[in-house]
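The sequence and structure come first.

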Amino acid sequence: MNFRTIPPYMLFAGFGILAFVGIVSVLSPSTSMPTDAVVVASSTPVTLLVQPLLKDLPDPAQLIPPGQELHDFQPAPSAIGLTQGATLVIGIGGADETWLPELLTTIDPVPATLFLTSTLQRQGQSLLEEEEHGEIGVDPHVWLSPKLVLTVLPAVADALIAAHPTKRLTIERNADQFTTQLQQLDSDITSTLAAVPQHRFISFHNAFSYFARDYGLEQVAVIEEVPGEAPTPGDIAAIQDAIRTYKLRGLFVEPQFSSALVEQLSSDQQITVETLDPLETAATTDTYIGMMRQNLAALVRVLGASQ
């Protein structure tokens, strides 16, 4: 067809399509959401909990890129493109996700939402508080307690079924399988930690309060009160005092942070260093069950060491 023979209305339609494609390209993240994805997870911990229920279905898209730490995250404009058209957004809520409700107000139509922390509160669970940057809010690290995950999982499954109504049987089957795995994990953690001689520990940051509460441990100190902010001399003195007072045999680091201070404390106090992973920067190939079992093994290596 000769360009001069194209009717004007077709030219305007073509320009409109090109403009639309250009807009979508600007809004889309570097890793675009699959066209059939209707579920968006706020972060890696949420993805780890949702993936087992969506087995044989499209994985959720993710707002915080895999490998990026949760604290102090601020969404880029591309996040609008990622959530636009979603039928369900699942977040954690709490002190680390104040940005997400604000983001959702920019989406039209607003997708269905589920926040783990507020759902647990509606279910009658008592949640802890966390102070960060002078602000007090709900401690968001609920995913690190398999007991809390077991509690919230039915609500997550119901939300996913509402988003994928034709896949009800698949999601229900997947939820039953994941529930069985979580129940076994919960039982193994409970029995294993009940048998270790030491029940106090120092974590890298204040991520394991729910885990400690639900499995009979006591987190007596943390290396960094706020991730990325070095401890003060007073904090270091308190850590050293806790090591001596409770005769601790090890400290815990996290894979996303390196700390010369931990290595120095380990050398000075002649104690071991293990990794306790809050799952915030896990790879997409990792699984919740597998990583929590790795955490249990690390705890046993420290808490089960002879005094």
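## Basis

Helices (H or I, at least four residues) and strands (E, at least two) are DSSP runs, numbered from the N terminus. Two strands pair if DSSP finds at least two bridges between them.

The model is predicted: local features need pLDDT of at least 70, side-chain atom pairs count only at pLDDT 80 or more, and totals for chains, interfaces and linings use all residues. Residues are numbered from 1 along each chain as its sequence is written, and side-chain values use heavy atoms, with hydrogens and water left out.

## Confidence

The mean pLDDT (the predictor's confidence in each residue, from 0 to 100) of the chain is 84, and 84% of the residues score at least 70.

Where pLDDT is low, the predicted coordinates should not be read in detail.

## The four-stranded sheet

Four strands form an open sheet in the order β2-β1-β3-β4, with parallel pairing. Its edge strands, β2 (61-62) and β4, each pair on one side only.

Strand β3 (residues 88-91) pairs in the parallel sense with strand β4 (residues 112-115) over four bridges; G91 has F115 as its bridge partner in β4. Strand β1 (residues 39-41) runs parallel to β3 and is joined to it by three bridges, with I90 of β3 as the bridge partner of A41. Helix α6 packs on this sheet and touches β1, β3 and β4; its direction makes about 160 degrees with that of β3.

## Helix pair α6 and α7

The axes of helix α6 (residues 146-163) and α7 come within 10 Å and cross at roughly 175 degrees. Axes here are lines fitted to C-alpha atoms, for helices over the stretch in contact, and angles run from 0 to 180 degrees between N-to-C directions. The crossing therefore makes α6 roughly antiparallel to α7 (angles over 145 degrees count as such).

Contributors to the contact include L150, L153 and L160 of α6 and I171, F178 and L182 of α7.

## Backbone features

Most residues other than glycine have a negative phi, and most peptide bonds are trans. D108 and P109 are joined by a cis peptide bond, with omega about 5 degrees; P109 is in the loop between α4 and β4. K247, a residue other than glycine, has a positive phi near 50 degrees and lies in the loop between α9 (233-245) and β9 (250-253).

How values were computed
Angles under 35 degrees count as roughly parallel, over 145 as roughly antiparallel, 65 to 115 as roughly perpendicular and the rest as oblique. Contact means heavy atoms within 4.5 Å.
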